[in-house]
Amino acid sequence: MAQLTYREAVARGIAQEMNRDERVVLIGEDIAGAGGVFKTTVGLLEQFGPRRVLDTPISEQAILGAAMGAAMTGLRPIAEIMFSDFFAVCWDIVVNQMAKTRYMTNGQVSIPLVVKSGNGGGLRFGAQHSQSIENWAMAVPGLKVVTPSCPEDVVGLMAAAVRSDDPVLFFEHKGLYASRGEVPDGPIEDVLGKAKIRRSGEHATIAALGMMVPRAVEAAERLAAQGISCEVIDVRSLIPLDAQTILDSVGRTGRLFTVEENPRALGWGAEIASIVGDEGFWDLDGPIVRITTPHVPLPSADSLEDLVIPSVDRIVAEVEKAMQA
Amino acid sequence: MTTEASRGAEAPPELVQLLTPEGERVEHPDYDIDLTPEDIRSLYRDLVLVRRIDLEAVALQRQGELGIWASLLGQEAAQIGSGRALTDVDMAFPTYREHGVAWCRDVDPVKLLGLFRGVNHGGWDPKEHNFHLYTIVIGSQTLHAVGYAMGIQRDDASAATIAYFGDGATSQGDVNESFIWASVFNAPIVFFCQNNQWAISEPLEKQSRIPLYRRASGFGFPGIRVDGNDVFACLAVTRKALEAARTGQGPTLIEAFTYRMGAHTTTDDPTRYRVASELEAWKLKDPIERVKAYLFKNEQADQAFFDAVDGEAAQLGADLRRRCLAMPDPEPLAIFDHVYSESHALMDQERAQFAAYLEGFAK
Ligand SMILES: Cc1ncc(C[n+]2csc(CCOP(=O)(O)OP(=O)(O)O)c2C)c(N)n1
Ligand SMILES: [Mg+2]
């Protein structure tokens, strides 16, 4: 067991896969000598050399377009888009190209490609460098979408993403990079499409993703002190989505809360609410409550950014209010 | 590097320079400029004051008063030279580093700090100053600038547009597309590229095999490299390019050859990726020292003048610091302001929910 930061776990996961499979290459801006602007790729250039760890020109369309082409040659690229907001710069490649190539070629061409990216807010990066865009990605058939919330999952899900024959968007939460956790020694494997119960409880289910997971766990601790026992589920993977774990939990608790960092309209929680409304309706003892960022761009002001992104306080307040109603 | 061999086949890059690093005035056949001693003292003052604003901002960041800051250190001449070439009606589209251009556009320096202090998204009115908000998504502003240029082309021949960007930005599709559009539509625009040799940790070799100004010829308009640490040359070259734009001769690409003396931003540590000797070499080309040397040598300014400018700079710095610390935090419900031009049900509902939630703390 080692204590690693989330950012160190990213490098560890990539190194594990690069060691295992020499077809894995890493490309992006400032990822080589500088070790990534978020320091998630430190040491990889030294370990694997410039043939496998390449700094590119600042051209996001070309980074993903070329990564996709390279994937067609049998390489298994990991490409970095520095801030997930910049997916908007190269969205054609993601949506029209990599997501649809297998389908449009009748399965002849697969695109085994991981796009890793710093996602999410809370770091004072303003409206264009802080968005949680996993729900944009979730809306595109052909993509897999994962968001680890702790260092061990970072390594395991990175491994699963690299081994997937489909393009995977791997969202690292910028607000978690400095967080620490235990990571077992030796190779770690995980699977895409499996949620995890982070804390068991009886009265309510809270489904959360990314940085909202530790906040939901902390909120659950505080709610427990008031006699409200919450089960916290780390959704981890949006596509494939493990709705069953959530449905089973709601079957036990009768209440569902989602904690989403994305703006409200069409956040991933809306999809889960719809599934639970559909398949778990008779288990529900009250309305499903979505705790989200309001439908506004992320403010640059520190105080306002803290206000809009669901905080432990707000999660506690919303759950209390709904459970008392 | 292997690229040296292929570069050798081309003529060496030419550089427009009117003032050497030693402060000697040199002539250039195409770019001359008539500057009175008064003009030169004024440029000197601009250079010193914007360096001071920048230093103060770096210090504020180091003390935890700003979240981040992108220093312009070393690029003062490129920014003041080009910025002072603009007329009031010209429109400028900056990146995040154009504090010197902001100064030339009369933007109150404290307004530059709001974004980086985390109290607003940039506190100036772009229309009032003809200076757009800082653009941080690399390259986007070049397209906005071309569109703006095409707009004014229809109704106001006496204005031009200038788009600022860095060497790294030249690898963006946006920038290349903006070149094509400007060329095809003969838009009244000047592309002002500050080649400061670095894009975060990536040296110019990661973006281009040829000198950047030569890219212009492939798009069908003139490109020129100017000594970006020479404020006279930057002023002369930009003036001429703006004049060409205004008189229907279309776009120009100016590559201001300069150096980022500081870190990319205050979160970056350049010692990880570049050698100290490079910095030392560029220190000798300082944009301010050469103007000072010129003024001294030609007896166009005395010690009292330099002391007065230094005094003004110190006061500006202190004033900036005081006003930065006094910037208020916004009202919480301001998060719902200006998201749409008019409110709608989801917005009203969420505003009410947040008001109730905040009310809860008051109790
Ligand atoms: C579309 C996009 N890609 C990447 C980034 C991250 N980034 C911010 S500044 C920068 C380097 C830009 O270099 P350059 O254009 O030379 O400008 P300089 O910072 O040197 O002034 C990068 C890659 C960004 N902000 N936007
Ligand atoms: Mg640069």
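Helices, of at least four residues, and strands, of at least two, are DSSP runs numbered from the N terminus. The exercises below apply this to a predicted model.

**Exercise 1. The fold of chain A**

Determine how many helices and strands chain A has, and decide whether its radius of gyration agrees with that of a compact globule.

Solution. 
Step 1. Counting the runs gives 12 helices and 14 strands in chain A.
Step 2. For 325 residues, a compact globule would have a radius of gyration near 20 Å. The value for chain A is 19 Å, so the two agree.
Step 3. Along the principal axes, the C-alpha atoms of chain A fill a box of roughly 60 × 40 × 40 Å.
Step 4. Of the 325 residues in chain A, 58% are buried.
Step 5. Consider the contacts in chain A between residues at least 6 apart in sequence: 79% of them join residues at least 24 apart.

**Exercise 2. Buried or exposed?**

Solution. 
Step 1. A residue is buried if 20 or more other C-beta atoms lie within 10 Å of its own, and exposed if 12 or fewer do.
Step 2. A:Ile246 belongs to helix α9 of chain A, residues 243-253. Beyond its neighbours within four places in sequence, A:Ile246 is in contact with A:Ala195, A:Thr205, A:Ala207, A:Ile233, A:Ile272 and A:Val276.
Step 3. B:Pro328 is found in the loop between α13 (303-325) and α14 of chain B. From B:Pro328 to B:Ala314 there are 14 residues in sequence and 24 Å in space, C-alpha to C-alpha.

**Exercise 3. Chain B and its partner**

Describe the domains of chain B and the side of chain B that touches chain A.

Solution. 
Step 1. The domain assignment divides chain B into domain 1 (3-330) and domain 2 (332-363). The centres of these domains, taken over C-alpha atoms, are 40 Å apart.
Step 2. Between the chains, 35 residues of chain B are in contact with 32 residues of chain A.
Step 3. Helix α14 of chain B (residues 345-362) provides the largest share of this side of chain B, 6 residues.
Step 4. By class, this side of chain B has 19 nonpolar, 11 polar and 5 charged residues.

**Exercise 4. The site of ligand 1**

Explain why the site of ligand 1 is shared between chains, and state the classes of the residues in its shell.

Solution. 
Step 1. Chains A and B both contribute residues around ligand 1, so the site is shared between chains.
Step 2. Of the 22 residues around ligand 1, those that come nearest are B:Ile138, B:Gly166, B:Gly168, B:Ala169 and B:Ala199.
Step 3. In chain B, strands β2 (161-166) and β4 (198-199) each supply at least two residues of the shell.
Step 4. The shell comprises 12 nonpolar, 5 polar and 5 charged residues.

Technical notes:
Residues numbered from 1 in each chain as written. Chains lettered and ligands numbered in written order. Predicted model: local features only at pLDDT ≥ 70, side-chain atom pairs only at ≥ 80, totals over all residues. Near = placed C-beta within 6 Å. Nonpolar A, V, L, I, M, F, W, Y, C, P; charged D, E, K, R; others polar. Contact = placed C-beta atoms within 7 Å. Domains from an automatic or database assignment. Rg over C-alpha atoms; globule rule 2.2 N^0.38 Å.
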